[in-house]
Amino acid sequence: MSTLPPDPAFPAVPSSPVQPSIALALGGGGARGLAHIIVLEAIDELGLKPKMIAGTSIGALMGAAYAMGLPGYRLRAIMEETLGNRIDLVRQLFAARSEPIQHLLRLLPVRSSLLSPDALLERLIPEFEGQTFETLQIPLKVVATDLVQREAVVIDKGPLRQAVAASIAIPLVFSPIADKGRVLVDGGLVNPLPFDLIAGVADITIAVDVSGAASSTALDDRPSAIEVLMQSIHIMEKSITNQKLRSEQPDIYLDVELDGFGVLEFWRANEIMAAASPIKNKLQQQLKRLMAAPRLEAASPGDSQPK
């Protein structure tokens, strides 16, 4: 892949030889995960480069694109162009469907699911084609769920697009991914915010939660089957994350406020990123404070520090 030119709007800050290292965990949340772009822009503006990224679902998608070499501003442009037109988005999505939509709407049994995640990624970020974890500029861990063994699968080797496709495969909405005898689906079912995978890797760990608050999804008295499914998954994922946070905390935990945006409302990309924009200054201020802390000033780059 060709080297992308720097964006003059975001000049890089010169690196310091004693600059603390960072590691990044990007959580799942469907369309709300477009807020991860704001976080990546904030990191770019500070001239930082994560030592490692771990991602689940939409966090795996954004993390993979960034680890491959697409900076935050390029990701924003891609998403605005691809997702900004709702009609065109629907056309692209259903061109990639793996089963007729009528099956789902009529609530008939379906062998597979509505959409093909691999075909969607091919349209969304074609640069994934031919990429492997071994070719990435930043080490990456992608979380998926083994549907048969009922356990988390952490992928850090092999074809990149297939791993991301597995991580974003929301049950019923996207087809599962077959991989080495396993049936893989959305990683959010087991580890929606994988900050445990970056523990001890860098001086500063950052976890970005885009799952939304409990009030972020308004339901009618008679919600659709998809709405019930999405809300049920959200409740489960939030419970898993809250339980993890009780036993371990990243250095920076960002709970992005995205009330009013549905998991599948990707055509609202501009609105979602605008609503998430305050998180940029918040993250930069927290990073500057931690980077100036005495415990990090004396640290060698890459040394892990006690929490």
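Colleague: What volume does the largest cavity have?

Modeller: This is a predicted model, and in it the largest cavity has a volume of about 130 Å³.

Colleague: Which residues lie nearest its centre?

Modeller: Gly29, Gly30, Ile233, Glu237 and Val263 do, out of 14 residues that line the largest cavity.

Colleague: And which helix gives the largest share of that lining?

Modeller: Helix 8, residues 225-247, supplies 4 residues of the lining, the largest share.

Colleague: How many cavities of 30 Å³ or more are there?

Modeller: The count comes to 4.

Colleague: Turning to Arg268, where is its place?

Modeller: Arg268 is in the loop between strand 8 (252-255) and helix 9 (269-276). Setting aside neighbours within four places in sequence, Arg268 is in contact with Gly260 and Phe261.

Colleague: What separates the C-alpha atoms of Arg268 and Glu80?

Modeller: A distance of 9.2 Å, although Arg268 and Glu80 are 188 residues apart along the chain.

Colleague: On to rings: how many aromatic pairs does a search of the whole structure find?

Modeller: The search finds 0 aromatic pairs.

Colleague: Finally, what is the secondary structure of the protein chain, and what share of its residues is buried?

Modeller: The protein chain has 11 helices and 8 strands, and 52% of its 307 residues are buried. Of the contacts between residues at least 6 apart in sequence, 76% join residues at least 24 apart.

Key:
Residues are numbered from 1 along each chain as its sequence is written. This is a predicted model: local features need pLDDT of at least 70, side-chain atom pairs count only at pLDDT 80 or more; totals for chains, interfaces and linings use all residues. Side-chain values use heavy atoms; hydrogens and water are left out. Helices (H or I, at least four residues) and strands (E, at least two) are DSSP runs, numbered from the N terminus. Buried means under 20% relative accessible area, exposed over 50%, partly exposed in between (1.4 Å probe, protein chains only). Contact means heavy atoms within 4.5 Å. Rings of Phe, Tyr and Trp (its six-membered ring) pair if their centres lie within 6.5 Å; planes under 30 degrees apart count as stacked, over 60 as edge-to-face and the rest as tilted. On a 1 Å grid over the protein atoms alone, a cavity is a set of points where a 1.4 Å probe fits but cannot get out, and a pocket is an open set with protein on both sides within 12 Å along at least five of seven lines; lining residues have an atom within 4 Å of a point. Grid points are joined across faces, edges and corners, and a volume is the space filled by probe spheres set on the points.
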